[in-house]
Amino acid sequence: MSATLPERHYASFSEFYPIYLGEHAHRVNRQLHFLGSTLALLSLLLLLLTHQWWWLGVALLCGYGFAWAGHFLVEKNQPATLRHPLYSFMGDWVMYWQMLTGQVSF
C-alpha cells in the first residue's frame, strides 16, 4: 500500500488540500471520484424532485462507494475521510469543481 495522509492536525484546509491532491495522483481514482460525485448530485436532485428519501442512501453509496473503490483498488491508499472527514469532504468538492473547470485533469 502506498503512503497515506499523515496522522497530523492541519491548521487549515489550504494546508490540507495539496496533500489531498497527492492522494489522488492516479487519473482513474480522480475519474471514479468525479463519477461518484456526479451520481450523488443526481441522486440528491431526484430526492428533491420525488421526495423519496431512499435517494439519500443512493447518493451516499455513490459518492463514497466510487471514491473508496478508487482509493482501495486503484490508488492503493486509505481515503482521507477516515482521518480527516470534513477536510476530505471539502476536498472532494473542490477537486470536483477544479476538474469541471480544467484546473485538475481527468
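Is Arg83 buried or exposed? In this predicted model, Arg83 is buried, because its relative accessible area is 17% and the cut-off for buried is under 20%.

View 1. Arg83 sits in the loop that runs between helix α3 (54-75) and helix α4. Arg8 and Arg83 are 75 residues apart in sequence, yet their C-alpha atoms are 9.0 Å apart in space.

**View 2. The crossing of helices α2 and α4.** Helix α2 covers residues 27-50 and helix α4 covers residues 85-100. Their axes come within 10 Å and cross at roughly 100°. Angles of 65 to 115 degrees count as roughly perpendicular, so α2 is roughly perpendicular to α4. The α2 side of the contact is made up of Arg30, Gln31, His33, Phe34, Ser37, Thr38 and Leu41. These residues meet Asp92, Trp93, Met95, Tyr96, Met99 and Leu100 of α4. Sorted by class, the contact of α2 with α4 has seven nonpolar, four polar and two charged residues.

**View 3. The ring pair Trp68 and Phe72 in helix α3.** The structure holds 14 aromatic pairs. In the pair of Trp68 and Phe72, the ring centres lie 6.5 Å apart and the planes stand at 85°, so the pair is edge-to-face. Trp68 and Phe72 are separated by about one helical turn, because they are four residues apart in helix α3. Trp68 has a relative accessible area of 31% and is therefore partly exposed. Phe72, at 35% relative accessibility, also counts as partly exposed.

View 4. The ring centres of Trp93 and Tyr96 are 5.3 Å apart. Their planes stand at 65°, and planes over 60 degrees apart count as edge-to-face, so the pair of Trp93 and Tyr96 is edge-to-face. Both residues lie in helix α4, three residues apart, which is about one turn of the helix. Trp93 counts as partly exposed at 28% relative accessibility, whereas Tyr96 counts as buried at 11%. Trp93 and Tyr96 are also among the α4 residues that meet α2.

**View 5. A cluster of aromatic rings.** Ring pairs link Tyr10, Phe13, Phe16, Tyr17, Tyr20 and Tyr87 into a cluster. One of these residues, Tyr87, falls within the 85-100 range of helix α4.

How values were computed. Residues numbered from 1 in each chain as written. Predicted model: local features only at pLDDT ≥ 70, side-chain atom pairs only at ≥ 80, totals over all residues. Heavy atoms only, no water. Axes fitted to C-alpha atoms, helices over the stretch in contact; angles between N-to-C directions. Helix = DSSP H or I, 4+ residues; strand = E, 2+ residues; numbered from the N terminus. Parallel < 35°, antiparallel > 145°, perpendicular 65-115°, else oblique. Contact = heavy atoms within 4.5 Å. Nonpolar A, V, L, I, M, F, W, Y, C, P; charged D, E, K, R; others polar. Buried < 20%, exposed > 50% of the residue type's maximum accessible area, 1.4 Å probe, protein only. Phe/Tyr/Trp six-rings, centres within 6.5 Å; stacked < 30°, edge-to-face > 60°.
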